[in-house]
Amino acid sequence: MNIEMIGFDADDTLWYTEVHYLKAQEDLKQILSPWGKADQVSEVIDQMILSNLSDYGYGIKAFILSLIEAAIHVSQGELPAHQVLQILSIGKRMLAEEIVLKPHVQQTLQRLVASYPLMIITKGDLLDQITKVKRSGIGDYFSSIEVVNEKSVETYASIFEKHHINPKNFLMIGNTIRSDIHPVLTLGCRAIHIPAESTWEHENIPSFDTTHDGYYVLEHMGQLLDLIARLDGTP
């Protein structure tokens, strides 16, 4: 394999993200405890997020809008204004959270950028994602940053056309099957799956074929350099 470009997902591949979403949901369950049990609130949150994806997309701001809607639903419209403000403050806290890189990320990128052009392909709110890249301290390793609404086969194909990338020479690295792995494999790329400690259920594909040609799994980013060397035939 002649690797001409390496793409990285951002959230929960390069830095921790899901932990903040889980904490926000726990906070909402506490706020809504007078109106509903924790499992009931969780179910409503999931329903609201999924039903709103086509309107709000991904990211913290979209997530908070869905939390507010879920809170109004669970409380049957009784949620007072000061608790709506509490939910909004959760969102502001999430936006201001420190960007904590996952283990081995900094060292791995330092080594890779000497031999390959690197790209971030992430989905979510444009301002939020670009701000996180800047605050992460690793933005300079990447020659391109693509923030998209959805990581579909069509989206990746459009990115490849824009950057004149041959899919056969593209390697994608990410933590989710639905967004990072399956679409690029469909286009003939290779993909390395580095599962996160916690992944949103929506990002899983139960029927995914783990024997797919070009699919690899690693436990952590520290194993990436050796695998890429084998794939690219470099010593």
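Let's start with charge: the protein chain carries 18 positive and 31 negative side chains, and the centres of the two sets are 4 Å apart. Here Lys and Arg count as positive, Asp and Glu as negative, while His and the chain ends are not counted. Each charge is placed at NZ of Lys, CZ of Arg, CG of Asp or CD of Glu.

A quick word on the model: it is predicted, so local features need pLDDT of at least 70 and side-chain atom pairs count only at pLDDT 80 or more, whereas totals for chains, interfaces and linings use all residues. Residues are numbered from 1 along each chain as its sequence is written, and side-chain values use heavy atoms, leaving out hydrogens and water.

Now the overall shape. The C-alpha atoms fill a box of roughly 65 × 35 × 30 Å along the principal axes. For 235 residues, a compact globule would have a radius of gyration near 18 Å, and the chain's 19 Å agrees with that. That radius is taken over C-alpha atoms, and the globule rule is 2.2 Å times the number of residues to the power 0.38.

What does the secondary structure come to? We have 9 helices and 6 strands, as DSSP runs numbered from the N terminus (helices: H or I, at least four residues; strands: E, at least two).

Buried or exposed? Of the 235 residues, 50% count as buried. Buried means under 20% relative accessible area, exposed over 50%, and partly exposed in between, with a 1.4 Å probe and protein chains only.

Gln47 counts as partly exposed because its relative accessibility is 45%. Ala70 is 23 residues away from Gln47 in sequence, and their C-alpha atoms are 8.5 Å apart.
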